[in-house]
Amino acid sequence: MSAREQAESVRWGAEDPSGLLEAALEGARADDFNCFVTVDTDASPGDDDGLLAGQPVAVKDSITTEGLETTVGSKILKGYEPVFDAYVVERLREEGATVVGKTNCDEFCMGSTTETSAFGPTRNPLDPSLVPGGSSGGSGAAVAAGHVDLALGSDTGGSVRNPAAFTSTVGLKPTYGLLSRYGLIPYADSLETVGPMTRTVEDCALLLSAIGGRDPRDSTSRGERKRYEPTGLDEPVRVGVIEELVEGSDDGVKREVRDAVSSLDDAGHDAETVEMEGLDHVVSAYYVLAMSEASSNLARYDGVRYGAGPNERGRYDEVFAKVRGDNFGDEVKRRIMLGTYALSEGYSDRYYRKALLARRLIADEFDRLFSKVDLLLSPTMPVEPFRLGEALEDPLRMYLSDVCTVPANLAGIPAISVPAEEGEAVGVQLMGPEFSEELLLDAAREVELVR
Amino acid sequence: MPVIGLEVHAQLRTDSKLFCGCSTDYHDAEPNTHTCEVCLGMPGALPVMNESALDFGLRVSLALGCEVVEEQLFYRKNYFYPDLPKNFQITQYEFPVGVDGSITIQAGDGERAVGVRRVHLEEDPGRIVHMRNRSLLDYNRSGVPLLEIVTEPDMESPEEGREFLQRLRTTLEYLGVFEPLDGAMRADANVSIEGGSRVEVKNISSHRGAERALRYEITRQRNMLKRGSEAVLETRHFDEETGVTRPMRTKEEEADYRYFPEPNLPLIRVDEGMAGAAAEGVPELPDQRRERFREEYGVTDEHAKRLTAEKELADFYEDVAEAVEPRAAASHVVDELLGELNYRELSLDEWFEGVGRETAVEWETEIVEMLRGGEITDVSATDVLRDVLDEGRSPAAVVDEKGLTMEGADEALKCVEEVIGEHRETVEDYLSGKEEALNFLVGQVVRRSRGKISPREASDLFDERLEEEK
Ligand SMILES: [Zn+2]
């Protein structure tokens, strides 16, 4: 049963919220894949009313939950209990859902495998020797393992879509500004957004409908609350296949994605090959911007209020350095240092400003492409899931595997990953113009129907 | 000639902080009671621009004759310091509220325009309280809107620095955007003398402090030059208590702030509506008011200048001048009232607090009226004013009780004449230079009037009467 159907049953009184919560908690406590870093054993059942009546939801640990430990996979936030709910969590509760726990992620969302978490890696329910992708790997795995039907992730450069692809689930990165970021612990504010992660496109649409709405506490929030109910595509659409990204992928990925394209073509849609300019620069532009913002965002974790042991003494800068040195992991330190460098006097022109320029060019390129086609299609990940430990040894390879997902973040446009084949760890990514979520969800549903 | 530039930080009197809803009314509050997730920099909290802070900033820019910047942007200024909850400060950088304005100050005998390079908004950090072996943090101040006003290096003496700060403060008060509370205005100064490097002096917290800090620093640099050495480019800290400047650790001045645009605050577009609303919020300013006082009330330039130096005083004067002859009101307020208040170390505000502003206006009006109407003499007017201030009684009550009316004055004069007639010899003694003879004469008058005429009044009357014979 989908979450949509289950919520319907709850509203009719045929299903009991406490029973649903109990089942979810049981799964979360067992948790063979280390999906959860915190399970809320005191959670109260959801309401019997609302869009998500009675639904247990897993929330990525990068999203604040009032009174429930929130660490973003970092030792420096161990024990931190936020005093406020994120806007999207408020919305979950208002729509009758309950938060069962916080899911594992790469430390401060910096990683594509959920292995940089200070609380150990999450394993892929499809094959426990593989990573679930990242950084929202805990959410992807929790859905794939069947602990929950609905999970929230956050996507800075692919962090929702990447684990969706690797765990064969659905993940949406909405238009920048559609969802409030209030309560999303920042890695790189200008790039990231909250995103729904589910087993089906229908549930993805349901979750998106529930958490939307304009929030005056986030000045970049521009979304309207809206009910999305994807049914597939009634009319033929023009789909631009970004050939360079398909061609650059591993064979298994290439094959699955080409199959999905053929299915769309067979269903009467107009799939054509397009060339996208500037793909050579997207990964470097993305990492320069993300790391620059991160170096500033993570400055607040300095031992004054987060991360200090009880006996830290000394000059403030010595204490800061010690606390940060002791508590941040290697990947986080690497990105803070690179970001600091990219913003430094004498270097920011060469790195930060150039990256901003590349970002504008990519956005222009999307505009050009969307004047020709309705949607763009590519693989979500150019590779199949890494073996555990593999990516940590070769961070550059991991960074490069973000080439398909980061363009949407640079341009702020929506992108969805839907499994090319049920149960296969290959995602098809669809991208659309700003605020084209409705079309995007219909198209993703179409992929589900025709694959 | 020293060259001085100032960077002034003034807290704006908005109801709430720059990026959150917390109240700015924290000056008497317990530490850390005016805080929320935003001004504590908690992860996930986001800043939202306070429109009224922008309006205040625009008003100040317009009042200082700045060009308003149409597209403004906030940046992050990144540096580590314990009073900064996020370890970056949100501040305007390349695109501030206003640029290229000026403030006219008195410089020597003439006036000079001190250029204002820029006016920008930023958030105030928290406050550190240093204890013997630990430091405490109070975030009540964190996120309070600050307006930074940066001048050109156009000042040439400590007095001018002080004058600039005073003028600026008056302007901000006129605009209703500033309240002179403890720590609400702070300044850093750039000082250099011919043949020396520029030295930055931080931590100036009053205009009196500014003058002292500048004087100390200039003297220090001159002495160095005399000894054959030269001031180095550095940042020094002014100690208000000892009045000296001390070098700060060099580490703190080598900062690279790694500015970049704050991604959570969209570009601000100042449209005509906003600029128009701000312009309406700019009232008549001190210089304009001074001009109007001269034209409308016919008062002297000196009086007009004194009256408009403080908004409170100018408002008070206008209320008095509405009811009585304006020139008489001006000279009484400036020459008598201010002197008597000053002597008592009483501010206008404090006097208002004591008796009520309306009453104060009424009483001052009454005194000027009685003077103008010839009901009391100049001398008794002074007496009345003193009693009004010291005892909080109305002028009419004082006049009544003391019999200081003109009839009373006539009687007093008569009494003095009588004493002069009866003690001609003593009068001659006094006139020939025996000052103590006057005491006897005064005593006679006081006794004869049964104390109704005070010794001071009697002595004044004798002075006046015997002046011709001297
Ligand atoms: Zn606050």
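Guide: One term to begin with: buried area is the accessible area, taken with a 1.4 Å probe, that two parts lose on being put together, summed over both. The model is a predicted one.

Visitor: Fine. How much area do chain A and chain B bury between them?
Guide: About 3000 Å², with 54% of it on carbon and sulfur atoms. On the chain A side, A:Arg300, A:Arg305 and A:Tyr316 supply 20% of the area that chain A buries against chain B, more than any other three residues.

Visitor: And how many residues of each chain are in contact?
Guide: 41 residues of chain A touch 34 residues of chain B.

Visitor: How many salt bridges are there between chain A and chain B?
Guide: Two. One of them pairs B:Arg76 with A:Asp189, and their closest N and O atoms are 3.5 Å apart. There are also 13 residue pairs in polar contact between chain A and chain B, counting pairs with both residues at pLDDT 80 or more.

Visitor: Which helices of chain A supply residues to the side that touches chain B?
Guide: α9 (279-297), α10 (316-327), α11 (330-343) and α12 (352-370) each give at least two residues to that side. By residue type, the side of chain A that touches chain B divides into 17 nonpolar, 10 polar and 14 charged.

Visitor: Changing topic. What are the protein donors of the zinc ion?
Guide: The SG atoms of B:Cys20, B:Cys22, B:Cys36 and B:Cys39, lying 2.3 to 2.4 Å from the zinc ion. Along the chain the donors follow the spacing C-x1-C-x13-C-x2-C. Within that set, B:Cys22 and B:Cys39 are 17 residues apart, and each sits in the loop between β1 (3-11) and α1 (51-63) of chain B.

Visitor: Why is the arrangement around the zinc ion tetrahedral?
Guide: Because the four donor atoms subtend angles of 101 to 115°. For reference, the ideal angle for four tetrahedral donors is 109.5 degrees.

Visitor: Back to salt bridges. How many over all chains?
Guide: The count comes to 79. Among them is A:Asp61 with A:Lys102, whose closest N and O atoms are 3.4 Å apart. That pair links distant parts of the chain: A:Asp61 is in the loop between β2 (56-60) and α3 (87-94) of chain A, A:Lys102 is in strand β3 (residues 98-103), and 41 residues separate them.

Note on methods
Residues numbered from 1 in each chain as written. Chains lettered and ligands numbered in written order. Predicted model: local features only at pLDDT ≥ 70, side-chain atom pairs only at ≥ 80, totals over all residues. Heavy atoms only, no water. Contact = heavy atoms within 4.5 Å. Salt bridge = Lys/Arg side-chain N within 4 Å of Asp/Glu carboxyl O. Polar contact = N/O pair within 3.5 Å; in protein donor to acceptor, adjacent residues only side chain to side chain. Helix = DSSP H or I, 4+ residues; strand = E, 2+ residues; numbered from the N terminus. Nonpolar A, V, L, I, M, F, W, Y, C, P; charged D, E, K, R; others polar. Donors = N, O, S within 2.8 Å, 3.2 Å for Na, K, Ca; no water. Tetrahedral: all angles 85-135°; square planar, octahedral: opposite > 155°, others 65-115°.
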